[in-house]
Amino acid sequence: MNEVLFDYQFERVDFVSQPGEFSVRGGIIDVFSFSNDMPYRIELYGDEIESIRVFNPIDQLSVMKVDWFYIIPNVQKMVEQKRQTFFDYLPE
């Protein structure tokens with residue numbers, strides 16, 4: 001999970017507060033995806049997911065339970081880093 005989030009250029013923090021951050025504390029992984037206004041909390045029991053919930057980052061209270069979610073990186077930031085000109089593809 002860490003490798004995927006680092007590949008998506010997420011930053012590991014103690015407590016998530018904005019999109020692009022994630023936190024790992026014991027069997028709890030918090031991910032603030034760019035696809036939602038609130039972060040997700042994944043609770044693990046060993047290697048299995050026990051629950052996934054949307055939560056308020058200010059008071060840490062659960063808002064609702066979900067069955068799945070997408071982890072969307074900051075696509076704009078990723079595109080900027082790999083941008084090339086059209087002329088780079090043309091033969092000399």
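Glutamate 11 stands opposite glutamate 21 in S2. This pair belongs to a predicted model. S1 and strand S2 (residues 21–25) run parallel and are joined over two bridges.

**The sheet**

Now for the whole chain. It has two helices and six strands. Along the sequence the pattern reads α-β-β-β-β-β-β-α. The six strands form an open sheet with mixed pairing, in the order S1-S2-S3-S4-S5-S6. Strand S1 (11–12) and S6 stand at the edges, each with a single partner strand, so one side of each has no neighbour in the sheet.

How do S2 and S3 run, and how many bridges join them? They run antiparallel, and five bridges join them. Arginine 25 stands opposite isoleucine 28 in S3. The hairpin of S2 and S3 has two residues between the strands, and glycine 26 takes a positive phi near 60° there.

At the other end of the order, strand S5 (residues 48–55) and S6 pair in the antiparallel sense over four bridges. Here valine 54 stands opposite methionine 64 in S6.

**The core**

In soluble globular proteins, nonpolar side chains tend to be buried together. In this chain, buried residues make up 28% of the 92 residues. The largest nonpolar core has 12 residues: Leu5, Phe10, Phe22, Ile29, Val31, Tyr40, Ile42, Ile52, Val54, Val66, Phe69 and Ile71. Strand S3 (28–32), S4 and S5 each supply at least two residues of this core.

Valine 66 is one of the core residues. Leaving out residues up to four places away in sequence, valine 66 touches Tyr40, Ile52, Arg53 and Val54. Of the contacts in the chain with a separation of 6 or more, 25% are between residues 24 or more positions apart.

**Salt bridges**

The structure holds three salt bridges.

| Residue | Partner | Closest N and O atoms |
|---|---|---|
| Arginine 25 | Aspartate 30 | 3.2 Å |
| Arginine 41 | Aspartate 30 | 2.7 Å |
| Glutamate 43 | Arginine 53 | 2.6 Å |

The last pair links distant parts of the chain: glutamate 43 lies in strand S4 and arginine 53 in strand S5, 10 residues apart. Salt bridges that share partners join Arg25, Asp30 and Arg41 into one network.

Is aspartate 30 buried or exposed? Aspartate 30 counts as buried because its relative accessibility is 1%, and the cut-off for buried is under 20%. Arginine 41 is also buried, with a relative accessible area of 7%. Arginine 25 has 29% relative accessibility, so it counts as partly exposed. The pair of arginine 41 in strand S4 and aspartate 30 in strand S3 links distant parts of the chain, 11 residues apart.

**Leucine 44**

Leucine 44 sits in strand S4 (residues 40–45). Its relative accessible area is 30%, so leucine 44 is partly exposed. Which residues does leucine 44 touch, not counting those up to four places away in sequence? They are Gly27, Ile29, Ile49 and Glu50. Take isoleucine 29. It is 15 residues from leucine 44 in sequence and 8.1 Å away in space, C-alpha to C-alpha.

**The surface**

The accessible surface of the chain comes to about 6900 Å², and 52% of it belongs to carbon and sulfur atoms. Phe34, Trp68, Tyr70 and Ile72 form a nonpolar patch on the surface. Together they have about 450 Å² of accessible area.

Where is tyrosine 70? Tyrosine 70 lies in the loop between strand S6 (62–66) and helix H2 (75–81). Its relative accessibility is 55%, so tyrosine 70 counts as exposed. The cut-off for exposed is over 50%.

**Two glutamines with positive phi**

Glutamine 9 has a positive phi of about 65°, although it is not a glycine. Its place is in the loop between helix H1 (2–7) and S1. Glutamine 9 counts as partly exposed, because its relative accessibility is 29%.

Glutamine 60 is not a glycine, yet it has a positive phi of about 65°. Glutamine 60 is found in the loop between S5 and S6. With 26% relative accessibility, glutamine 60 counts as partly exposed.

How values were computed
Residues numbered from 1 in each chain as written. Predicted model: local features only at pLDDT ≥ 70, side-chain atom pairs only at ≥ 80, totals over all residues. Heavy atoms only, no water. Buried < 20%, exposed > 50% of the residue type's maximum accessible area, 1.4 Å probe, protein only. Contact = heavy atoms within 4.5 Å. Patch = residues over 30% accessible without salt bridge, like charges linked within 9 Å, V, L, I, M, F, W, Y side chains within 5 Å. Areas by Shrake-Rupley, 256 points an atom, 1.4 Å probe, with all protein chains shown as cover. Salt bridge = Lys/Arg side-chain N within 4 Å of Asp/Glu carboxyl O. Pairing = 2+ DSSP bridges. Core = buried A, V, L, I, M, F, W, Y, C linked by side-chain atoms within 4.5 Å.
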